[in-house]
Amino acid sequence: MIYITNGYLIEPKSGKEGYYDILIKGDKIAGIVKPGTPLSDLLAQKGMQEEGEQLEHEQLQQIDAAGKIIAPGLIDVHVHFRDPGFTHKEDIMTGAAAAAKGGFTSVVLMANTKPAVDNEDTLAYVIEKGKKTGIHVYTCANVTMGLQGKQLVDMEALSKAGAAGFTDDGIPLLDEKILREALQRAAKLGKPVSLHEENPAYITNNGINAGKAAEYYGIGGSPREAEISMVERDIRIALQEEADLSIQHISTREAVELVRRAKKQSRHIFAEAAPHHFTLTEEAVIKHGTLAKMNPPLREEADRMAIIEGLRDGTIDMIATDHAPHSAEEKAKPITEAPSGIIGLETALSLGIRELVRPGYLTMRQLVEKMSLAPATLYHLDAGYLAENGPADLVILDEKAQWTAGNYASKASNSPFTGETMPGVVAYTVCSGKIVYQAK
């Protein structure tokens with residue numbers, strides 16, 4: 001058993017906040033009580049006297065969380081662990097370690113691996129390896145075979161085999177007929193479809209905004225129209241089919257407004273924002289080069305502020321990192337050749353505190369909700385909340401403490417935030433009643 005005392009609880013589902021002690025038994029929360037309640041009394045209240053009598057023969061771990069926040073384990077529904085096929089960048093074990101260090105107890109993997117997750121064997125490989133990590137590792141399956149956009153996968157079989165949802169992330173679905181059928185089938189299965197919204201017809205060079213950054217490098221870049229056009233089309237189809245659609249890593253103010261309007265018409269439209277898009281602008285690409293190259297690219301200050309407003313007013317449901325590890329050798333290539341993406345699991349919570357909570361855009365409870373309960377809701381996970389008899393997945397964090405970004409648990413280190421002083425230190429991550437990360 002684990003007994004956590006004196007912490008400040010933030011519980012987004014019930015809205016409960018305040019100082020509480022939490023008793024964990026097995027993989028469940030056995031009790032949530034006011035501080036100072038003797039453990040013997042708590043055990044008696046819960047009909048666990050026998051356990052109390054046996055404590056001298058068992059290991060009881062006590063954690064003093066004074067001065068710290070206790071919140072549901074964070075959930076990231078957009079990560080790349082590169083396994084199978086690209087394990088020189090990351091693998092399921094190192095990715096999970098990075099997640100745990102960042103306070104995440106659940107992740108949903110994207111399916112652009114090699115082989116792709118378009119078949120039951122690859123899906124089973126990912127799920128089984130994920131069970132060995134200590135956190136909850138879920139994975140999407142592809143929408144189309146080989147991410148080619150031409151033939152739908154067997155969505156029914158993959159759903160039955162454990163796919164959490166469907167995505168061809170990294171590649172947009174250009175065929176409207178394919179998208180419509182995918183949404184129809186996903187709706188019947190009760191699974192979301194998450195879409196990467198960039199039309200390649202508009203893009204000369206991906207990963208760099210077609211603006212100041214592209215001009216600096218003397219290239220064409222990726223214009224905002226690439227995202228806007230796809231978001232507009234995909235929302236229209238999803239509204240017609242009444243299917244759960246998630247707009248991934250939104251980057252433009254126009255796309256935020258399209259989602260805002262759609263949400264007034266349907267409960268099936270969702271959107272996610274990545275920490276880098278509410279923190280940085282294209283100026284970062286000029287400063288950091290390939291370490292700030294990503295798809296979709298960093299845009300303008302007006303776009304960054306529109307994303308923050310979307311998070312504030314509920315237009316954007318959740319924060320998802322798009323954790324995208326690459327090797328140092330790959331990122332050392334010229335700007336037009338280096339792959340897009342940055343790691344994000346270990347810096348996400350700190351950036352949320354720094355960029356959203358401290359300036360007053362979100363409360364800490366709202367940030368926790370967007371990083372736990374909201375993503376759990378989209379993927380129908382029993383997670384993202386803290387309640388008696390509920391899952392013992394939680395993070396204990398010191399909001400006021402600081403750390404220097406770096407020394408990552410991830411196999412990769414491609415981040416423009418390396419070396420920056422960050423607020424918010426994860427002290428413990430507990431998943432299924434077991435400590436999976438403890439700060440040194």
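The lining of the second largest pocket divides into six nonpolar, seven polar and three charged residues, where Ala, Val, Leu, Ile, Met, Phe, Trp, Tyr, Cys and Pro count as nonpolar, Asp, Glu, Lys and Arg as charged, and the others, Gly among them, as polar. The elements giving two or more residues to this lining are helix 14 (348–357), strand 14 (394–404), strand 15 (421–431) and strand 16 (434–438); helices (H or I, at least four residues) and strands (E, at least two) are DSSP runs numbered from the N terminus. Strand 15 provides the largest share, three residues. The structure is a predicted model, in which local features need pLDDT of at least 70 and side-chain atom pairs count only at pLDDT 80 or more, whereas totals for chains, interfaces and linings use all residues. Residues are numbered from 1 along each chain as its sequence is written, and side-chain values use heavy atoms, with hydrogens and water left out.

The second largest pocket has a volume of about 410 Å³. A pocket is an open set of points on a 1 Å grid over the protein atoms alone where a 1.4 Å probe fits, with protein on both sides within 12 Å along at least five of seven lines, and lining residues have an atom within 4 Å of a point. Grid points are joined across faces, edges and corners, and a volume is the space filled by probe spheres set on the points. Of the 16 lining residues, Lys101, Trp403, Val425, Val426 and Tyr437 lie nearest the centre of this pocket.

The largest pocket has a volume of about 610 Å³. Its lining comprises 25 residues, of which Asn112, Asp169, Gly170, Asn295 and Ser340 lie nearest its centre. Eight of the lining residues are nonpolar, 11 polar and six charged.

The structure holds 26 salt bridges, each defined as a side-chain nitrogen of Lys or Arg within 4 Å of a carboxyl oxygen of Asp or Glu. Asp303 and Arg253 meet in one of these, at 3.1 Å from N to O. Asp303 lies in helix 12 (residues 301–313) and Arg253 in helix 9 (residues 253–263), so the pair ties together parts 50 residues apart in sequence. Asp303 is buried, at 0% relative accessible area, and Arg253 is partly exposed, at 32%; buried means under 20%, exposed over 50% and partly exposed in between (1.4 Å probe, protein chains only).
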